[in-house]
Amino acid sequence: MANGSWRIARTRGGAHLPLVIVAALAVALILFGKAQSSLFDRAREHVMDWMKPVLVATHGPMDGFNRWVGSIGEIFSVYEENLKLKEENARLRQWHNTAISMNERLKRYQLLLHAVPDPALSSVVARVIGRASHPFLQTLILDAGSTSGIKPGQAVVDSRGMIGRIFLAGESTSWVILLTDLNSRVPIAVMPGNAQAIMAGDNSPAPTIETLSQSTQLKTGDQVVSSGDGDILPAGLPIGVIVADGSGYRVALFADQTTTQDVEVLDFKKPPEQLPVLSPKDLPVTAAGLPPAAPPPQQPALSPTLAPVTAPPKNAVKPAPVANKPAPQNGGADNDAPGIE
Amino acid sequence: MEHANNFFGSRFLATITPVSCGVIAVFAANLPFSFLGPWVPSPLYALMPVYFWCLVRPDLMSPVWAFMIGVLHDMLSGGPPGIWAASFVATYAVIDRQRDAFAGLSGVGAVLGFAAAALIACGAAYFIFDLYHWRVLPLTPYIKEFAVTVLFYAPVLFVLGAIYRHLVGPLRSDF
């Protein structure tokens, strides 16, 4: 162990000059990486795709070993744990029945109110083949990638709740940035009250809450779900509950990133609203039984003060207000056109 | 002729061994499994061969190799590129200037010498990371990284020492 016991080669090989050049290279690499991170991301995707067979092969034994080590302490409390789980299971069955009946009632109300249905979600089930923990970087590696339809930004959930988001998708593997990661920011809603906030990871097991309205009062036990802001994540994904932490609040996550094995990657894409193509028949003037206005003749550009005032058509009649409907104030006629909301 | 072949084969082996140690260390540090749980970061294995070979055979672990090992570590760890590369180069620069002081350490002192190098590496990475994100980040993750790295240095030093004595060291006189 003694460094001094070895004869040290004195050849420096002119190390001082390369040090300056290499230091400059390192700084250039940081700046280049900041500007063009996609290049490095692609390289990472390829490396991870290439390493996938090794990861899959080694994951099983390693996971078994970890589970075995973790279960040593639990052997002595199996009986108590079993009783507790039975009790919890009975309680959850009651809630399950309640949830089913509430869901049916919600569907009926939505039908009665002609509510816009929630967008359908497709999903891909993937297996966790790796977990990495570095300062300021906590990730999972999944055994499914872009060939399975996985894209960056998609939400990743396990059986209990949201666990993170995809941030790199290779061909057959993908990286998940966990909710606890320092770089994770997720728009959330705190229930009840639907208070909007941002949940930020800080490498601790319970993420913090940022940008919450001053007037909002949080309580321990409040439910946290995804708010769906930004149309990247679906709204209403269960995330966790509020817990007090000194003077502030944090979110105790439902999902357990340390033990989860199979996750679901949700493909949520809210298609942009497609407005129907309008025909002359759909115009409110036509609907009122009047001929559509002729297009204005092409005029050379004039200053606004010199622009001629177009006289209304001779047969233009003010349309009668629709019975049982108040006259619209501003542009309301346009809103009466079928298909335009 | 056979002697010449052996000479060049041994020389080649000696040349690639330090860098190979660095590459293996990078892969070990970035294995997506951890026996320490998710809340304790993986040790910074890649720094250990850089420090060791920079002390005992700087001709075989040049700053360029330290930089390349750092780049590989950045790429596999998933972090922003260049941060660990720059940290390793900064650490290399300090070790290079204070080589005699570091190399003279033995026993617990050798571990403390490495702890100083690890402190420089983690400190540089933290500072660059702060600049990169333009905000002051919590220190705890880097303190954990530093502590775990120093803790794991002693067994790795044993392996590196064995490699030096049995593979690289005996060939040193050939240069």
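Does S62(B) count as buried or exposed, and how many C-beta neighbours does S62(B) have inside 10 Å? In this predicted model, S62(B) lies in the loop between α2 and α3 of chain B, where α3 spans residues 63-77. S62(B) has 22 C-beta neighbours inside 10 Å and therefore counts as buried, the cut-off being 20 or more. A further detail of its setting is given by V50(B), which is 12 residues away from S62(B) in sequence and 9.0 Å away in space, as taken from C-alpha to C-alpha.

Chain B, to which both of these residues belong, contains eight helices and zero strands, and its pattern along the sequence reads α-α-α-α-α-α-α-α. Of the 175 residues in chain B, 49% count as buried. When the contacts in chain B with a separation of 6 or more are considered, 69% of them are accounted for by residues 24 or more positions apart.

For F88(B), once residues up to four places away in sequence are left out of the count, the residues touched are L47(B), V50(B), A66(B), F67(B), I69(B), G70(B) and A121(B).

The crossing in which α6(B) passes α7(B) is right-handed. On the side of α6(B), the contact is made by V111(B), F114(B), A115(B), A118(B), L119(B), C122(B), A125(B) and Y126(B), while α7(B) contributes Y142(B), E145(B), F146(B), T149(B) and V150(B). Divided by class, the residues of this contact between α6(B) and α7(B) comprise 11 nonpolar, one polar and one charged.

The second pair consists of helix α2 (residues 47-56) and helix α8 (residues 153-168) of chain B, whose axes come within 10 Å and cross at roughly 45°. This angle makes α2(B) oblique to α8(B), and α2(B) passes α8(B) in a right-handed crossing. The residues that meet are M48(B), P49(B), F52(B) and V56(B) from α2(B), and Y153(B), V156(B), L157(B), L160(B) and Y164(B) from α8(B). By class, the contact of α2(B) with α8(B) has nine nonpolar residues, with no polar and no charged ones.

Chain A is made up of both kinds of element, with five helices and 12 strands. Of its 341 residues, 24% count as buried. Among the contacts in chain A that link residues at least 6 apart in sequence, 55% join residues that are at least 24 apart. Most peptide bonds are trans, whereas the bond from M191(A) to P192(A) is cis, with omega near 0°.

Definitions and conventions
Residues are numbered from 1 along each chain as its sequence is written. Chains are lettered from A and ligands numbered from 1 in the order in which they are written. This is a predicted model: local features need pLDDT of at least 70, side-chain atom pairs count only at pLDDT 80 or more; totals for chains, interfaces and linings use all residues. Axes are lines fitted to C-alpha atoms, for helices over the stretch in contact, and angles run from 0 to 180 degrees between N-to-C directions. Helices (H or I, at least four residues) and strands (E, at least two) are DSSP runs, numbered from the N terminus. Angles under 35 degrees count as roughly parallel, over 145 as roughly antiparallel, 65 to 115 as roughly perpendicular and the rest as oblique. A crossing is left-handed if the near helix is turned anticlockwise from the far one by less than a right angle, and right-handed if clockwise. Two residues are in contact if their C-beta atoms, placed from the backbone, lie within 7 Å. Ala, Val, Leu, Ile, Met, Phe, Trp, Tyr, Cys and Pro count as nonpolar, Asp, Glu, Lys and Arg as charged, and the others, Gly among them, as polar. A residue is buried if 20 or more other C-beta atoms lie within 10 Å of its own, exposed if 12 or fewer, and partly exposed in between; C-beta atoms are placed from the backbone.
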